[in-house]
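The exercises below ask for a careful reading of one predicted model, and each is followed by a solution in steps. Please look at the sequence and the model before starting.

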Amino acid sequence: MDFVKRQSLANITGIFGEECLNEDGTIMTMADQAAVITHYLKLKNNPQFARPYILKGEQLLQLWKEFINEQPKNQKFGLVAEDSTAYMASLFSDVKSSPFPPQEPHQFTFIDLFAGIGGFRMSFQNLGGECVFSSEWDEQAQRTYFANYGEVPFGDITKESTKQMIPDNFDILCAGFPCQAFSLAGKRRGFSETRGTLFFDVAEILRRKQPKAFFLENVKGLAIHDKGKTLETILNTLNEVGYIVPKPQILNAMHYGVPQHRERIYIVGFRKDLGIKAEDFVYPERNQQTPCWLDVREENPVPAKYYLSTTYLETLRRHRARHEAAGHGFGYKIIDDNGVANAIVCGGMGRECNLVRDFRQTKLIPTTNIKGEINKEGVRKMTPREWARLQGYPDSFRIVVSDASAYKQFGNSVAVPAIQATANQILLVLKNKNII
């Protein structure tokens with residue numbers, strides 16, 4: 001966090017004391033301190049799951065309050081409010097006023113790994129679950145997560161100090177883990193060969209904590225990566241740590257309530273000793289109808305800054321023409337009003353493949369530095385709110401970061417309706433077996 005970067009090690013220890021040290025003697029980051037405090041405040045009335053946070057949370061909460069009260073007004077330990085998760089987390093009242101609290105009473109518990117902006121969390125909370133641990137290393141995503149769930153996720157899940165904060169006896173592990181290359185030099189292609197990948201941390205947590213079920217999500221290319229050997233390694237590993245895994249399936253978000261062509265591979269599993277068979281689980285059926293782009297378009301004219309300049313639009317046209325001449329399909333795309341968006345992803349192409357025509361804005365006066373004029377053809381980028389809707393987030397979801405960060409976060413997110421439909425199928429199996 002900004003504060004940590006500006007201080008010496010001695011100053012940090014002097015300000016916060018020994019209470020901010022991890023068990024290995026390293027200093028907790030400001031974000032992780034905020035994570036302990038917010039997890040504690042969220043779960044303090046549920047001792048079974050608050051156990052990892054109670055002592056440290058009470059100590060840190062007192063230290064933070066004392067430190068903040070000692071600061072001159074408007075100083076707030078030298079942080080820029082709009083750039084700091086740690087600063088926001090000091091506003092402890094926000095923990096209870098978040099727009100997406102869990103339902104009470106909850107029916108089951110889960111943890112949220114590689115949490116991003118909480119697509120898994122929203123899905124499982126909608127179904128009656130309570131999140132008892134979250135982890136996400138990206139600071140901007142932590143800001144958005146805190147703004148919506150009143151909880152700062154812990155940081156680097158590869159660290160043992162982070163794993164130590166995970167409570168016991170939660171029901172379901174959720175993870176949209178990043179896809180990394182796997183070492184396949186050996187013959188077993190199992191648990192030992194996932195070391196060095198982020199999937200190994202998921203598998204290690206499953207091995208230690210043994211939740212009743214898990215739900216993993218990844219890009220659809222995982223299914224064919226390294227001629228299928230990577231997925232084979234993952235499935236062998238999940239079997240080795242004690243889980244039966246129905247055949248993974250690629251689902252498209254457009255079949256579950258959002259107008260976005262977004263295919264992702266879903267992997268679910270159940271602990272072997274629960275007596276659940278692979279055939280007990282069935283992936284959700286498709287919706288009969290798919291909404292279109294106009295169903296998620298902003299209701300009012302959007303600012304001129306979202307409209308492309310004539311220079312930029314001409315550059316895109318030349319770029320597409322070059323690729324078409326070479327026989328490639330690359331280039332910008334304009335979505336029809338009654339069409340379905342392409343997958344939203346990070347980077348410029350995620351926006352350029354999802355341009356739209358919108359003639360409602362008549363005040364096409366540049367508000368940013370652009371080359372040329374704003375185009376008169378109505379061509380614009382989608383807004384972050386429209387991307388949020390494409391991923392199934394309600395309009396009450398708070399966007400508290402810059403447009404650039406918001407595009408990245410929604411592009412990296414899971415599609416909430418598809419996740420929720422699959423999560424519901426997991427819960428049906430567990431409920432039918434009287435497990436939850």
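**Exercise 1.** State the volume of the largest pocket, and describe which residues and elements line the largest pocket.

*Solution.* The largest pocket has a volume of about 740 Å³. A pocket, on a 1 Å grid over the protein atoms alone, is an open set of points where a 1.4 Å probe fits, with protein on both sides within 12 Å along at least five of seven lines, whereas a cavity is a set of such points from which the probe cannot get out; lining residues have an atom within 4 Å of a point. Grid points are joined across faces, edges and corners, and the volume is the space filled by probe spheres set on the points.

Next, the lining: 33 residues line the largest pocket, and the closest to its centre are Phe-114, Glu-136, Gly-176, Pro-178 and Asn-412. Helix 7, strand 4 and helix 15 (403-412) are the elements that give two or more residues to this lining, and helix 15 provides the largest share, four residues. Helices (H or I, at least four residues) and strands (E, at least two) are DSSP runs, numbered from the N terminus.

Finally, the classes: the lining of the largest pocket has 15 nonpolar, eleven polar and seven charged residues. Here Ala, Val, Leu, Ile, Met, Phe, Trp, Tyr, Cys and Pro count as nonpolar, Asp, Glu, Lys and Arg as charged, and the others, Gly among them, as polar.

Residues are numbered from 1 along each chain as its sequence is written. Since the model is predicted, local features need pLDDT of at least 70 and side-chain atom pairs count only at pLDDT 80 or more, while totals for chains, interfaces and linings use all residues, and side-chain values use heavy atoms, with hydrogens and water left out.

**Exercise 2.** Describe the second largest pocket, and then follow helix 3, one of the elements that supply its lining.

*Solution.* The second largest pocket has a volume of about 340 Å³. Of its 16 lining residues, Asn-22, Glu-23, Ser-161, Gln-164 and Met-165 are the closest to the centre. At least two residues of the lining come from each of helix 3 (30-43) and helix 9 (160-163), with helix 9 giving the largest share, three residues. The classes in this lining are six nonpolar, four polar and six charged residues.

Turning to helix 3, its 14 residues reach 20 Å from the first C-alpha to the last, close to the 20 Å expected at 1.5 Å a residue, where the expected span is 1.5 Å times one less than the number of residues. Because 14 of the 14 residues of helix 3 are buried, helix 3 is largely enclosed by the rest of the structure; buried means under 20% relative accessible area, exposed over 50%, and partly exposed in between (1.4 Å probe, protein chains only).

**Exercise 3.** Classify the ring pair of Phe-120 and Phe-215 and that of Phe-214 and Tyr-243.

*Solution.* The structure holds 19 aromatic pairs, which are rings of Phe, Tyr and Trp (its six-membered ring) with centres within 6.5 Å, counted as stacked if their planes are under 30 degrees apart, as edge-to-face if over 60, and as tilted for the rest. The ring centres of Phe-120 and Phe-215 are 5.1 Å apart and their planes stand at 90 degrees, so this pair is edge-to-face. It links distant parts of the chain, 95 residues apart, with Phe-120 in helix 7 (residues 119-126) and Phe-215 in strand 4 (residues 213-219). Both Phe-120 and Phe-215 are buried.

For Phe-214 and Tyr-243, the centres are 5.4 Å apart and the planes at 70 degrees, so this pair is edge-to-face. Phe-214 in strand 4 and Tyr-243 in strand 5 (residues 243-244) are 29 residues apart. Phe-214 counts as buried at 0% relative accessibility, and Tyr-243 is buried at 1%.

**Exercise 4.** Which backbone features mark Pro-105 and Asn-169?

*Solution.* Most residues other than glycine have a negative phi, and most peptide bonds are trans. The peptide bond from Glu-104 to Pro-105 is cis, with omega near -10 degrees, and Pro-105 lies in the loop between helix 6 (85-89) and strand 1 (108-113). Asn-169, although not a glycine, has a positive phi of about 65 degrees; Asn-169 is in the loop between helix 9 and strand 3 (172-175) and counts as exposed at 52% relative accessibility.
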